[in-house]
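Have a look at the model first, then read on.

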Amino acid sequence: MPGTPARTAEAATAAEVVCLGESMVTFLPSQPGRLADVPSFGRGIGGAESNVACALAAAGHRAAWVSRVGADGFGDHLVEAITGYGVDTSGVRRDPSRPTGIYFRTATDRAADVHEVAYYRAGSAASAMSPRNIPYETLPAARVLHLSGITAALSADCLALLHDLTAPRPGRPLISFDVNHRPGLWRDADASPGVLLDLARRSDLVFVGEDEAEEAWGVTGAEAIRAALPEPSVLVVKRGSAGATVFSDAGDVTTVPALRVDVVAPVGAGDAFAAGFLSATLRDLPVRDRVRHGHLMAAAVLTVPGDLTAPPARAHADALAALDDEAWGRLRLGPGWTGDDQEVRTT
């Protein structure tokens with residue numbers, strides 16, 4: 001890989017996880033309804049990879065976010081907000097000729113027919129990321145490099161960058177890849193399934209939803225997805241209300257039921273799940289607990305309006321993840337459950 005930095009002791013302590021991808025300023029509706037009818041919007045931040053970085057930093061890990069933003073006020077806001085979560089943003093570059101991406105969305109579930117998203121990201125600073133302009137020399141020698149299929153959809157240069165970063169090479173970090181199939185982002189929708197399958201096969205840890213695997217590859221069921229993706233050392237198949245199933249290269253298969261959650265807004269749950277799973281992976285916890293921490297981090301986001309929120313304290317999450325199967329199955333989490341003074345309900 002061109003410009004790969006030496007793995008110095010100083011770099012090794014800089015970050016445990018580097019997350020690379022576009023983040024945008026997101027405008028959240030003040031009330032349910034069509035975009036045409038919503039009278040006002042609140043400003044937030046949104047981006048799969050930066051969401052993961054923020055959640056990991058909030059959970060006590062050293063996380064870095066690498067990207068490009070415009071030399072504009074929205075770029076200022078993104079960098080300041082993400083830095084505010086404790087994320088290292090020294091690898092973010094400003095583009096004087098391209099804007100920071102923004103988008104508007106409705107309050108409904110992304111999977112619902114009435115859900116609307118209006119992206120203003122074409123020609124954005126992040127879409128110009130390439131192997132030529134990403135500051136490889138500033139990338140710390142992290143244990144994990146987290147990527148997603150969204151970046152591959154932004155431009156040919158972005159796809160070339162992902163191919164570069166996922167190329168086999170001695171000493172590369174563990175490559176974590178969230179498929180994140182977003183058909184609406186691809187100019188050539190027919191190309192996306194093959195591109196995403198190739199990137200997933202080049203990665204070490206892969207997150208994919210059953211629904212997106214069926215949509216992208218026509219593959220149904222966790223076992224069939226593993227058959228289509230035998231290469232990753234760890235494959236996490238997210239199965240919605242059925243929970244998640246993890247396949248390891250040792251042949252082990254672990255299924256962990258999902259939690260019952262009083263959902264406020266569904267956006268950002270997949271990124272939070274990935275952050276929880278990665279957090280527990282960094283701590284070398286058992287596979288079952290990795291999935292449970294993913295579910296718990298997702299539940300924290302599901303019970304707030306935006307894409308990001310403070311995760312439960314580590315001791316709180318560890319105690320819940322250690323419950324026996326019966327007690328885990330009786331949990332029901334609602335708004336405010338992550339607070340120190342909140343009691344978790346069981347039914």
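V246 has T254 as its bridge partner in β13, and four bridges in all join β12 (residues 244-248) to β13, running antiparallel. Before going further: this is a predicted model, where local features need pLDDT of at least 70, side-chain atom pairs count only at pLDDT 80 or more, and totals for chains, interfaces and linings use all residues. Residues are numbered from 1 along each chain as its sequence is written, and side-chain values use heavy atoms, with hydrogens and water left out.

**The nine-stranded sheet**
- β12 and β13 belong to an open sheet of nine strands in the order β5-β4-β1-β8-β9-β10-β11-β12-β13, and the pairing is mixed.
- For the terms: strands (E, at least two residues) and helices (H or I, at least four) are DSSP runs numbered from the N terminus, and two strands pair if DSSP finds at least two bridges between them.
- The edges are β5 (92-95) and β13 (253-256), each with a single partner strand, so one side of each has no neighbour in the sheet.
- On average, neighbouring strands here are turned by 15° against each other, direction ignored; axes are lines fitted to C-alpha atoms, for helices over the stretch in contact, and angles run from 0 to 180 degrees between N-to-C directions.

**Helices on that sheet**
- α9 lies across β1, β8, β9, β10 (205-209), β11 (234-238) and β12, at about 150° to β10.
- α5 lies across β1, β8 and β9, at about 150° to β8.
- Within α5 (residues 156-165), C158, L159, L161, L162, D164 and L165 are buried, buried being under 20% relative accessible area with a 1.4 Å probe, protein chains only.
- Those buried α5 residues pack against β1 (17-20), β8 (144-148), α4 (149-154), β9 (174-178) and α6 (192-201), with contact taken as heavy atoms within 4.5 Å.

**The four-stranded sheet**
- Four strands make another open sheet, ordered β3-β2-β6-β7, with mixed pairing.
- β3 (41-46) and β7 (117-120) sit at the edges with a single partner strand each, so one side of each is left without a neighbour in the sheet.
- Neighbouring strands of this sheet are turned by 20° against each other on average, direction ignored.
- Helix α3 (residues 73-84) packs on the sheet, touching β2 (24-29), β3 and β6, and its direction makes about 65° with that of β3.
- How many of the residues of β2 are buried? Six of the six are, so β2 is largely enclosed by the rest of the structure.
- M24, T26 and L28 point one way from β2, while V25, F27 and P29 point the other way.
- β2 runs antiparallel to β3, joined by six bridges, and P29 stands opposite F41 in β3.
- β2 pairs with β6 in the parallel sense over three bridges; T26 has Y103 as its bridge partner in β6.
- β6 (residues 102-105) and β7 pair in the antiparallel sense over four bridges, and F104 has A118 as its bridge partner.

**The cavity**
- There's one cavity of 30 Å³ or more: on a 1 Å grid over the protein atoms alone, that's a set of points where a 1.4 Å probe fits but cannot get out, and lining residues have an atom within 4 Å of a point.
- The largest cavity holds about 60 Å³ of space, a volume being the space filled by probe spheres set on the points, which are joined across faces, edges and corners.
- Among the residues lining the largest cavity are N51, D271, M297 and D307.
- α10 gives the largest share of that lining, three residues.

Terms used: On a 1 Å grid over the protein atoms alone, a cavity is a set of points where a 1.4 Å probe fits but cannot get out, and a pocket is an open set with protein on both sides within 12 Å along at least five of seven lines; lining residues have an atom within 4 Å of a point. Buried means under 20% relative accessible area, exposed over 50%, partly exposed in between (1.4 Å probe, protein chains only).
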